[in-house]
Amino acid sequence: MGQPDQFAKRTFAEETERITGGAARWEDPPEIRLEKVQCDGFLVISRPDRLAHLPAPWSETRIFDEVVVELKLAGDHVDRLAAERALLRRQARQVQRAEERGPSWMGEEPIWIVAPHLPVWLEQARKPVRFAPGCYRVKPLAHLFLWIAANELPLRDDLVPFLVARSGRALDEFARWVAPRRSPGWVLGI
């Protein structure tokens, strides 16, 4: 028979259209170029017990040892293509960790997308579930995929890393609120 994988592909190519009465056909895929796949960063969780008392999304790290974080600031794209690319980077990290840890690692790599707001397309396509102010579980990866809408988060010192993704009036409000809490140099960086 030769190589089993080539035989299987050839069988799909030869039989699919006939069997399905033309409703489906097999195509050889184009090469998928992945020149550089790098997420914005990740949170390495060493003491999840110390995060449990913090507000969401921090408290959501309790079962993970790492979380991929994608930051979408004011003016960045938050369309479906941007989300799909972020999910691809999450998947690439998932594969990388599986290779590093070996076959016994059964973990999952979660992703948090931090953006100013929850985009309308995402609400319509995925029906995200709000579980805390500004924090949404996105299906079908609900426990792995959180969308954090920074403009909806409360102004709290323990949420400052997420609050920097605010935009518009919410960003102005944050800047006024944070000014007495941080150095002038830090505030000017907003």
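Buried means under 20% relative accessible area. The legends below apply that cut-off to a predicted model.

View 1. The structure holds zero disulfides. C135 is buried, because its relative accessible area is 1%. C39 counts as buried too, at 14% relative accessibility.

**View 2. Strand 4 and strand 5 form a hairpin.** Strand 4 covers residues 129-132 and strand 5 covers residues 135-137. The two pair in the antiparallel sense over three bridges. A132 stands opposite C135 of strand 5. Two residues lie between the strands. G134, in the turn, has a positive phi of about 75°.

**View 3. L153 and F162 touch the most other members of the largest nonpolar core.** This core holds 23 residues. Strand 2 (66-71), strand 3 (111-115), strand 6 (145-149), helix 4 (160-163) and helix 5 (168-178) each give two or more residues to the core. Leaving out residues up to four places away in sequence, L153 touches P133, G134, C135, I148, L159, F162, L163 and R166. Another core, of 15 residues, lies apart from the largest one. Among its members are C39, L87, Y136 and F145.

**View 4. V67 sits in strand 2.** V67 counts as buried because its relative accessibility is 0%. Beyond residues up to four places away in sequence, V67 touches G41, F42, L43, T61, E109, P110 and W112. G41 and V67 are 26 residues apart along the chain. Their C-alpha atoms are separated by 8.6 Å.

**View 5. K72 is buried without a salt bridge.** K72 is found in the loop between strand 2 and helix 2 (80-101). The nearest side chain of opposite charge is E70, at 4.1 Å. A salt bridge requires a side-chain nitrogen within 4 Å of a carboxyl oxygen. Residues up to four places away in sequence aside, K72 touches H77, V78, R89, I113, V114, A115, P116 and A165.

**View 6. R137 and E60 meet in a salt bridge.** The N to O distance is 2.9 Å. The pair links distant parts of the chain, 77 residues apart. R137 belongs to strand 5, and E60 to the loop between strand 1 (41-44) and strand 2. R137 is partly exposed at 24% relative accessibility. E60 is buried, with a relative accessible area of 13%.

**View 7. D157 and R181 form a salt bridge between two loops.** Their side chains meet at 3.3 Å, N to O. D157 lies in the loop between strand 6 and helix 4, and R181 in the loop between helix 5 and helix 6 (184-188), so the bridge ties together parts 24 residues apart in sequence. D157 is partly exposed, with a relative accessible area of 43%. R181 is also partly exposed, at 39%.

**View 8. R166 and E173 are joined by a salt bridge.** The distance is 3.1 Å, N to O. R166 is buried at 3% relative accessibility, whereas E173 is partly exposed at 40%. Elsewhere, salt bridges that share partners join D65, E66, R93, R97, E100, R101 and E109 into one network. The structure has 17 salt bridges in total.

Notes
Residues are numbered from 1 along each chain as its sequence is written. This is a predicted model: local features need pLDDT of at least 70, side-chain atom pairs count only at pLDDT 80 or more; totals for chains, interfaces and linings use all residues. Side-chain values use heavy atoms; hydrogens and water are left out. A nonpolar core is a set of buried Ala, Val, Leu, Ile, Met, Phe, Trp, Tyr and Cys residues joined through side-chain atoms within 4.5 Å. Buried means under 20% relative accessible area, exposed over 50%, partly exposed in between (1.4 Å probe, protein chains only). Helices (H or I, at least four residues) and strands (E, at least two) are DSSP runs, numbered from the N terminus. Contact means heavy atoms within 4.5 Å. Lys and Arg count as positive and Asp and Glu as negative; His and the chain ends are not counted. A disulfide is a pair of cysteine sulfur atoms within 2.5 Å. Two strands pair if DSSP finds at least two bridges between them.
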